[in-house]
Amino acid sequence: MTAMLEVEDLEVSYGKIVAVKGISFTVDEGDVVTLIGTNGAGKTTTLRTISGLLRPSGGQIRYQGQRIDSMPAHKIVTLGMAHSPEGRRIFPSMTVEENLLLGAFSRQDRPAIAKDLQAAYDLFPILGERSKQPAGTFSGGEQQMLAMGRAMMSRPKLLMLDEPSMGLSPLMMKRIMETVKTLQAQGTTILLVEQNARAALRLATKGYVLEVGKIVLTGSGQELLHSDEVRKAYLGED
Ligand code: ATP
């Protein structure tokens with residue numbers, strides 16, 4: 001079976017700083033794969049490189065068997081990959097609906113876009129209730145829902161989420177994680193970057209632990225949840 005996404009010996013540098021030091025991992029269709037690790041481990045850098053926002057200094061990235069590591073970001077979106085970035089990056093002065101429609105910029109199929117807009121409102125009712133409101137007036141959690149809704153508007157086969165739970169209340173975080181499960185059940189493959197290792201591993205098919213640019217542990221979500229190393233270093237357990 002060909003993996004949906006294959007990352008091989010990926011290296012990414014910022015000038016002289018090598019942030020990602022030759023990592024390899026795969027994401028199979030239908031899976032939720034999580035990258036966990038401490039601050040500065042290279043998680044965001046990895047996602048931004050897969051999306052085409054950064055260029056690797058070494059290695060390869062293949063999506064459905066096709067090399068994408070020198071493709072521009074806007075082209076990668078059209079292949080069926082979407083990225084909900086860290087810090088949400090919504091457009092504050094635009095309305096909720098305008099923000100969502102930006103996610104469909106690469107599509108021409110208007111009736112299907114209208115249907116997907118409705119699907120985003122079904123997933124997150126607050127977005128529908130306040131669709132004409134400027135997005136900048138939303139709370140952090142609401143903006144996170146908007147960022148996920150916007151990423152879904154490109155109808156991605158692979159959705160990459162960068163720290164979707166950042167700054168959220170426990171209740172809101174639960175909601176976001178439940179949404180990840182719902183999206184997976186609807187057939188979306190997900191690559192999830194999270195600081196909250198416990199929440200991410202609970203729903204992950206497979207996890208990779210990053211430390212200063214390298215993968216140090218791999219396993220199923222359940223294996224990693226029960227690994228002594230992960231429990232001590234990432235779950236705050238003795
Ligand atoms: P966090 O969980 O804190 O977001 P992360 O695992 O996502 O961390 P990255 O943001 O990928 O980590 O950063 C990896 C390393 O690259 C860090 O040492 C960081 O300081 C460095 N880095 C990130 N962005 C830049 C940049 N634009 N210029 C220089 N160094 C950078």
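Which residue in the turn of the hairpin formed by strand 1 and strand 2 has a positive phi? G15 does, with a phi of about 60 degrees, in a hairpin that leaves two residues between its strands.

## Basis of the description

This is a predicted model, in which local features need pLDDT of at least 70 and side-chain atom pairs count only at pLDDT 80 or more, whereas totals for chains, interfaces and linings use all residues. Residues are numbered from 1 along each chain as its sequence is written, and side-chain values use heavy atoms, with hydrogens and water left out.

Strand 1 (residues 5–14) and strand 2 (residues 17–27) run antiparallel and are joined by eight bridges, with E6 standing opposite T26 of strand 2. Helices (H or I, at least four residues) and strands (E, at least two) are DSSP runs numbered from the N terminus, and two strands pair if DSSP finds at least two bridges between them.

Strand 9 (residues 206–211) and strand 10 (residues 214–220) are also antiparallel, paired over six bridges, and V209 has L217 in strand 10 as its bridge partner. These two strands form a hairpin with two residues between them, and V212 in the turn has a positive phi of about 30 degrees.

The crossing is right-handed, a term used if the near helix is turned clockwise from the far one by less than a right angle. In this packing, G141, E142, Q144, M145, M148 and M152 of helix 6 meet M172, R175, I176, T179, V180 and L183 of helix 7, where contact means heavy atoms within 4.5 Å.

## Nonpolar cores

The largest nonpolar core has 46 residues, and those with the most contacts inside it are L100, L127, L159, I190 and V230. Helix 6 (residues 140–152) supplies the largest share of this core, six residues. A second, separate core of 28 residues includes V7, V33, A41 and I76. A nonpolar core is a set of buried Ala, Val, Leu, Ile, Met, Phe, Trp, Tyr and Cys residues joined through side-chain atoms within 4.5 Å.

With residues up to four places away in sequence not counted, I190 touches D31, V32, V33, L158, L159, L161, V180, L183 and Q184.

## Helix 1 and individual positions

Six of the eight residues of helix 1 are buried, so this helix is largely enclosed by the rest of the structure; the buried positions are K43, T45, T46, L47, T49 and I50. Buried means under 20% relative accessible area, exposed over 50%, and partly exposed in between (1.4 Å probe, protein chains only). Just after helix 1, G52 takes a positive phi of about 90 degrees. L54, in the loop between helix 1 (43–50) and strand 4 (58–63), is buried with a relative accessible area of 19%, and, leaving aside neighbours within four places in sequence, L54 is in contact with V12, Y14, T45, R48 and T49.

Q143 has its place in helix 6 and is buried, with a relative accessible area of 16%. G30, by contrast, lies in the loop between strand 2 and strand 3 and is partly exposed, with a relative accessible area of 30%; beyond its neighbours within four places in sequence, G30 is in contact with Q184 and T189.
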